[in-house]
Amino acid sequence: MSQYDYDLITIGAGSGGVRASRMSAQLGKKVAIVEESRVGGTCVLRGCVPKKLLVYASHFADDFETAEGFGWTVPEPNFDWPTLIERKNAELDRLNGIYNRLLRDAGVETLNGFGKVVDPHTVDVGGKHYTAETILLATGGWPSTPDIPGIEHVISSNEALDLPELPKRMVIVGGGYIAVEFAGIFNGLGVDVTEIIRADAILRGFDEDVRVALSEEMTNAGIKIRSECTVRSIEKTDDGYSVRVDHDEVIETDLVMYATGRKPKIDGLGLEEVGVEIGAKGEVVVNEHSQTSVPSIYAIGDITDRMNLTPVALAEGMAFVDTVFKGKPRGVDYDNIPTAVFSQPPIGTVGLTEEQAKEQFGEVDVYVSRFRPMKLTLTDKQERTFMKLIVDPKSDRVLGCHMVGVDAGEIAQGLGIALKCGATKAQFDATIGIHPTAAEEFVTMREKRPSHGG
């Protein structure tokens, strides 16, 4: 009989934690999962799912306008924010129920409360101690904000999903994917949006051409992007908030949202006290098998700050199960992971940026295409799609694919398979396109951009 209460205790019932716990239980292991809030985690409850539903909602104003170009007479549309939030919350309740059932059907016991690691094999939940041979940390991340005067007045992406009413004016601080996604959402719903970023352009770390293309489209859509700008203080006023930026300029607004980053959620977990190494950014340091400096404690997902994407957390969870309970140690391959930003228009990307490719391979061949989507040709809309291929001229291997435009995320998923297989530009060229689609452009680009070109 085991000397422990469980084979595995997972702290955090988000996507990665739930997957690892379920799969472990299905192998006959005795598993408990600790969660202080609702089961589902950031993606299901505070991130990917509710955000994507709001993205869909914000597209309809454009869709109604576009319809007129195709002969539809559309009455003056009316949008009701409370109805959207009510229906979004009903969907989240449904998903929360599904996650709870998945755990229950797999035989995983849910321990409600905050989990704190007491020693390498013990977790405290609400004052009661539970022991396990292995502990898995999967608490995810949490929005972080700077310490400036008036920061108590701001909201994060968490609260943005449940506003009691839609503001008329909004300031969003930050230039990452969360900031640009919410800027597109609220702009599409009729809010006057100003986005303030400290950098020279949005989406630091993305391909430079992608950053420029999206910035142009956001600006054309009416979003005011204030680059190389820093917020100094925020004050409550009689009818909203005043945001003081550089040179004592003041921006008046109804709401201030900060999306300046997320940090691993480790506060109160007791990790350093039991010897778990914590990195410079507050992340749990792990090896290639997601094992911490304490051999019996593992960590997956955003708490490790490796690649903070839900499908990556799921993959790490499966690798953990193989490593610990199947005796088949393995890690996760982080190369050529496709990803999307649900901005407006969206971004789909896989592989290296042009800058990264040049660092690793020297000179590279670059192919770009810009065009107006066919759907807009019967309208006055001037939004343009941007596509880019980066190729190693020595091996002909495609190193990166980038797109800004409708369905970019859907298209990038298929390109991800190609890059994972090591596809060459010749193989792209030999692939027959589907006409008329935007995706066919990726297999019809023939003219290389001059090496000095922009």
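Biologist: What should I know before we start?
Modeller: This is a predicted model, in which local features need pLDDT of at least 70, side-chain atom pairs count only at pLDDT 80 or more, and totals for chains, interfaces and linings use all residues. Residues are numbered from 1 along each chain as its sequence is written, and side-chain values use heavy atoms, leaving out hydrogens and water.

Biologist: Which residues of α10 are buried?
Modeller: They are A408, I411, A412, L415, G416 and L419. Buried means under 20% relative accessible area, with a 1.4 Å probe and protein chains only. Helices (H or I, at least four residues) and strands (E, at least two) are DSSP runs, numbered from the N terminus.

Biologist: And what covers those residues of α10?
Modeller: The cover includes β17 (339-341), β18 (347-351), β21 (398-404) and α11. Contact here means heavy atoms within 4.5 Å.

Biologist: How far apart are the end C-alpha atoms of α10?
Modeller: They are 18 Å apart, which agrees with the 18 Å that its 13 residues should span at 1.5 Å a residue. The expected span is 1.5 Å times one less than the number of residues. Just after α10, G422 takes a positive phi of about 75°.

Biologist: How much space lies in the second largest pocket?
Modeller: About 290 Å³. Of its 16 lining residues, L415, T431, I432, A439 and V443 are the closest to the centre. A pocket is an open set of points on a 1 Å grid over the protein atoms alone, where a 1.4 Å probe fits, with protein on both sides within 12 Å along at least five of seven lines; lining residues have an atom within 4 Å of a point. The volume is the space filled by probe spheres set on the points, which are joined across faces, edges and corners.

Biologist: Which element gives the largest share of that lining?
Modeller: Helix α10 does, with 4 residues.

Biologist: Changing topic, which residues touch the most other members of the largest nonpolar core?
Modeller: Of its 37 residues, these are W81, I172, F182, F186, L214 and M257. The largest share of this core, 7 residues, comes from α6. A nonpolar core is a set of buried Ala, Val, Leu, Ile, Met, Phe, Trp, Tyr and Cys residues joined through side-chain atoms within 4.5 Å.

Biologist: What does W81 contact?
Modeller: Leaving aside neighbours within four places in sequence, W81 contacts L54, A160, L163, P164, E165, L166, F186 and L189.

Biologist: Finally, what about α8, where is its cover?
Modeller: The buried residues of α8 have a cover that includes β1 (6-11), α1 (15-26), β6 (128-137) and β16 (297-299).

Terms used: Buried < 20%, exposed > 50% of the residue type's maximum accessible area, 1.4 Å probe, protein only.
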